[in-house]
Amino acid sequence: MAERLIQLGARPPIVSQLCHLTRKQSIEFFKAVQGQSPKQGMLPHDHQWAIRSAFNNIHASLFLNMIEDIRYRLYTPSLNATLLVTAYEIYSNVASRILANRQYTQPRSSQHYPLDINRAWYLASLLSAGDLVFILCERCRARYLGMIHPDATFSQCPICDVWTDRSGRRRWVSAKSKKLTLNKPSAR
Ligand SMILES: [Zn+2]
């Protein structure tokens, strides 16, 4: 399972935590699987990533819906390696089709999905902590992510509450009216 996590791009601290390995073991394992040293620096920690754009929200919602559905079917209360790997593999299959439909020309390696496995792991922890919540859109019936957090309360559907700008980017409609208070990523 540790090998699969690393192949999907997971960094050593996450592998250590999910596979009960020491930090040193995870780093050695990473080097053996990837043939290079792991990237240094902090793991993803932007708790507002899922609401920064409708595009992010769709990808985060897709992945966390997978996590929730699998968790429900398998009666798995907490996030473990099997759950993360299974949900991420399904997510990346679906994401590659969405990106192909958008004629997205980047290579289809996991590093190029909007949601990499390290951020996926962090989003799953936000969902467990209750910072991210699922909301059912009454218009399109999509189950998307909203946020309840002291810094940001946000609940807009990434399919219905958007408009498309000239470059084809989907942008949130009237974000300010929905009490959105985004901090710049660099502020955290
Ligand atoms: Zn909707």
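Guide: Let's begin with helices α5 and α6, whose crossing is right-handed. This is a predicted model, where local features need pLDDT of at least 70 and side-chain atom pairs count only at pLDDT 80 or more, while totals for chains, interfaces and linings use all residues. Residues are numbered from 1 along each chain as its sequence is written, and side-chain values use heavy atoms, with hydrogens and water left out.

Visitor: What makes a crossing right-handed or left-handed?

Guide: Look at the near helix: turned clockwise from the far one by less than a right angle, it gives a right-handed crossing, and anticlockwise a left-handed one. The α5 and α6 pair falls in the right-handed group.

Visitor: At what angle do α5 and α6 cross, and how far apart are their axes?

Guide: They cross at roughly 140 degrees, and the axes come within 9 Å. Axes here are lines fitted to C-alpha atoms, for helices over the stretch in contact, and the angles run from 0 to 180 degrees between N-to-C directions. That angle makes α5 oblique to α6, since oblique is what remains after roughly parallel (under 35 degrees), roughly antiparallel (over 145) and roughly perpendicular (65 to 115).

Visitor: And why are α2 and α3 called oblique?

Guide: Helix α2 (residues 12-19) packs against α3 at about 120 degrees, with the axes 8 Å apart. That angle puts the two in the oblique group as well. Here too the crossing is right-handed.

Visitor: How many helices and strands does the chain have?

Guide: There are 7 helices and 5 strands. Both are DSSP runs numbered from the N terminus: helices are H or I with at least four residues, strands are E with at least two. From the N terminus on, the order is α-α-α-α-α-α-α-β-β-β-β-β.

Visitor: Which atoms coordinate the zinc ion?

Guide: The SG atoms of C137, C140, C157 and C160 do, at 2.3 to 2.4 Å. Donors are N, O and S atoms within 2.8 Å of the metal (3.2 Å for Na, K and Ca), and sites may look incomplete because water is not among the atoms. Along the chain the donors are spaced C-x2-C-x16-C-x2-C. C137, in the loop between β1 (132-136) and β2 (143-149), and C160, in the loop between β3 (152-154) and β4 (162-164), link distant parts of the chain, 23 residues apart.

Visitor: Why is the arrangement of the 4 donor atoms called tetrahedral?

Guide: The angles are 105 to 114 degrees, which makes it tetrahedral.

Visitor: C137 or C160: how do you know which is buried and which is partly exposed?

Guide: Buried means under 20% relative accessible area, exposed over 50%, and partly exposed in between, with a 1.4 Å probe and protein chains only. C137 has 3%, so C137 is buried; C160 has 28%, so C160 is partly exposed. Of the chain's 188 residues, 44% count as buried.

Visitor: What makes H47 and G146 buried?

Guide: H47, in the loop between α3 (23-34) and α4 (49-52), has 5% relative accessibility and therefore counts as buried. G146, in strand β2, comes in at 0%, so G146 is buried too.

Visitor: How many salt bridges are there in the whole structure?

Guide: A search finds 6. A salt bridge is a side-chain nitrogen of Lys or Arg within 4 Å of a carboxyl oxygen of Asp or Glu. One of them joins R71 and E68 at 3.0 Å, N to O. These two residues share helix α5 (residues 54-74), 3 residues apart, about one turn of the helix.

Visitor: What are the other examples, R143 with D69 and R139 with D161?

Guide: R143 and D69 meet at 3.2 Å, N to O. R143 is in strand β2 and D69 in helix α5, 74 residues apart, so this pair links distant parts of the chain. R139 and D161 have their closest N and O atoms 3.0 Å apart.

Visitor: Are R139 and D161 buried or exposed?

Guide: R139, at 55%, counts as exposed, whereas D161, at 8%, is buried.

Conventions. Tetrahedral: all angles 85-135°; square planar, octahedral: opposite > 155°, others 65-115°.
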